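Subject: Handover of a structure and notes on it

Dear colleague,

Please find the structure below, handed over for your records. The notes that follow it set out what was found.

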Amino acid sequence: FVCLDSDLNGIVYRGQVKRVLKPIGNAEILQLRGTLRDSEEGIFVTTSHFTASAKEEANSVGKKRIHTIGGELLSQFILDFYNELDEKFKNILKIEK
């Protein structure tokens, strides 16, 4: 788990990042939610994708929300912000735009 402090309205995010091929299901969402303190929100990032039920659980009303970033959105973020990356990471990615 990773704890990220954000200065946006004083929100603290606790997150998990997984590089896997299989989809992320409810169990992983519930596990992350179980680690959250009262003042925290969750973020789950994966190179894969989330099952429909995992997305539903992550956005359940009345429960701490878990923000989900799947492989497709993660890839789009990388492309959108590629020019702002450190040269070290650009050399690792080797993306030609």
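Which residue in strand 4 is the bridge partner of Val45? The partner of Val45 is Ile69.

Before going further, please note that this is a predicted model, in which local features need pLDDT of at least 70 and side-chain atom pairs count only at pLDDT 80 or more, while totals for chains, interfaces and linings use all residues. Residues are numbered from 1 along each chain as its sequence is written, and side-chain values use heavy atoms, with hydrogens and water left out.

Strands and the crossover

Strand 3 (residues 40-46) pairs with strand 4 (residues 66-69) in the parallel sense, over four bridges. Two strands pair if DSSP finds at least two bridges between them; strands (E, at least two residues) and helices (H or I, at least four) are DSSP runs, numbered from the N terminus. Together with helix 2, strands 3 and 4 make a right-handed β-α-β unit. Right-handed means that, with the strands pointing away from the viewer, the path from the first strand over the helix to the second runs clockwise.

The nonpolar core

The largest nonpolar core has nine residues in all: Ile24, Ile29, Leu32, Leu36, Phe44, Phe50, Ala54, Ala58 and Ile66. Such a core is a set of buried Ala, Val, Leu, Ile, Met, Phe, Trp, Tyr and Cys residues joined through side-chain atoms within 4.5 Å. Helix 1 (26-35) and helix 2 (52-58) each supply at least two residues of this core.

The structure holds one aromatic pair. Phe44 and Phe50 form this pair, which is edge-to-face, at 5.7 Å centre to centre and 85 degrees between the planes. Rings of Phe, Tyr and Trp (its six-membered ring) pair if their centres lie within 6.5 Å; planes under 30 degrees apart count as stacked, over 60 as edge-to-face and the rest as tilted. Phe44 is buried, with a relative accessible area of 0%, and Phe50 is buried at 6%. Buried means under 20% relative accessible area, exposed over 50%, and partly exposed in between (1.4 Å probe, protein chains only).

Helix 4 and the segment after it

Lys90 lies in helix 4 and counts as buried, at 14% relative accessibility. The charged end of Lys90 sits over the ring of Tyr82, 5.5 Å from its centre (NZ of Lys or CZ of Arg within 6 Å of the ring centre and within 35 degrees of the ring normal). Lys94, in the segment after helix 4 (87-93), is exposed, with a relative accessible area of 67%.

Yours sincerely
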